[in-house]
Amino acid sequence: CREKVVAWTVTSGDNSDFIAAALDNLAALYRENSRPDDAIAKYREALAVREKAPKPSAALIATSQLKLAECLTLAHRDAEAEPLLFAAFATQAKLLGTDNPNIQETKKKLALCYRNQKKFASAEILFKELLATIKKHIERSRTSLVWMDELCYAEELGDLIDIYMRQTKWADAIPLSQQLLATDQSIPSNY
């Protein structure tokens, strides 16, 4: 199987999307079988194929960057994941807009990457942006599922509290912890 994928890569041409998808699938198999180094190598190949495609798609390149970054993060290689997450986020923001809910997960991954590298100021900024976006959505939402947004808000609030606690900023962490307790009480108990 490996030889076939390599042969496809060499002669990618117009089949670049199919080749990149095959490489992604192979990488996912490696990842699921606890072979992170092999998975990372295949995700890198998939990204390279997408970047060198005759008609590169910014959205597909961003997707490849995210898959590779996620694998690197799982391997505790956050310094390598950071530029990929940043590039993917920038592409998504350009294509979809910064307030689009579809890019918030990438923003969270980037914030967590910053946190893992002890880049607390950068992580704090992103977590605050995430909280503001979720809060806006809660205020606009008038559905019976608003508690789901409140659950997301509580999760991001917990991440921001974590940032403050890692820096021993108790004056910032304590009021947010009290706010988190109040938020948790409004979420249905079976969730």
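Reader: By class, which residues does the lining of the largest pocket have: how many nonpolar, polar and charged?

Author: Happy to start there, and please keep in mind that this is a predicted model. The lining of the largest pocket is made up of 15 residues. Sorted by class, four of them are nonpolar and three are polar, while the charged ones number eight.

Reader: Which residues lie nearest the centre of the largest pocket?

Author: The space in this pocket comes to about 380 Å³. Among its 15 lining residues, those nearest the centre are Pro 101, Gln 104, Thr 133, Ile 134 and Cys 152.

Reader: Which helix gives the largest share of the lining of the largest pocket?

Author: Three helices each supply at least two lining residues: helix 6 (104–116), helix 7 (120–140) and helix 8 (146–166). With six residues, the largest share belongs to helix 7.

Reader: Stepping back, how many helices and strands does the protein chain have?

Author: Reading from the N terminus, the elements run α-α-α-α-α-α-α-α-α. That gives a count of zero strands and nine helices.

Reader: What percentage of the residues in the protein chain is buried?

Author: Here a residue is called buried when its relative accessible area is under 20%. The protein chain has 191 residues, and the buried part of them is 40%.

Note on methods. Residues numbered from 1 in each chain as written. Predicted model: local features only at pLDDT ≥ 70, side-chain atom pairs only at ≥ 80, totals over all residues. Heavy atoms only, no water. 1 Å grid on protein atoms, 1.4 Å probe; cavity = no way out; pocket = protein on both sides within 12 Å on 5 of 7 lines; lining within 4 Å. Points joined across faces, edges and corners; volume = space filled by probe spheres on them. Helix = DSSP H or I, 4+ residues; strand = E, 2+ residues; numbered from the N terminus. Nonpolar A, V, L, I, M, F, W, Y, C, P; charged D, E, K, R; others polar. Buried < 20%, exposed > 50% of the residue type's maximum accessible area, 1.4 Å probe, protein only.
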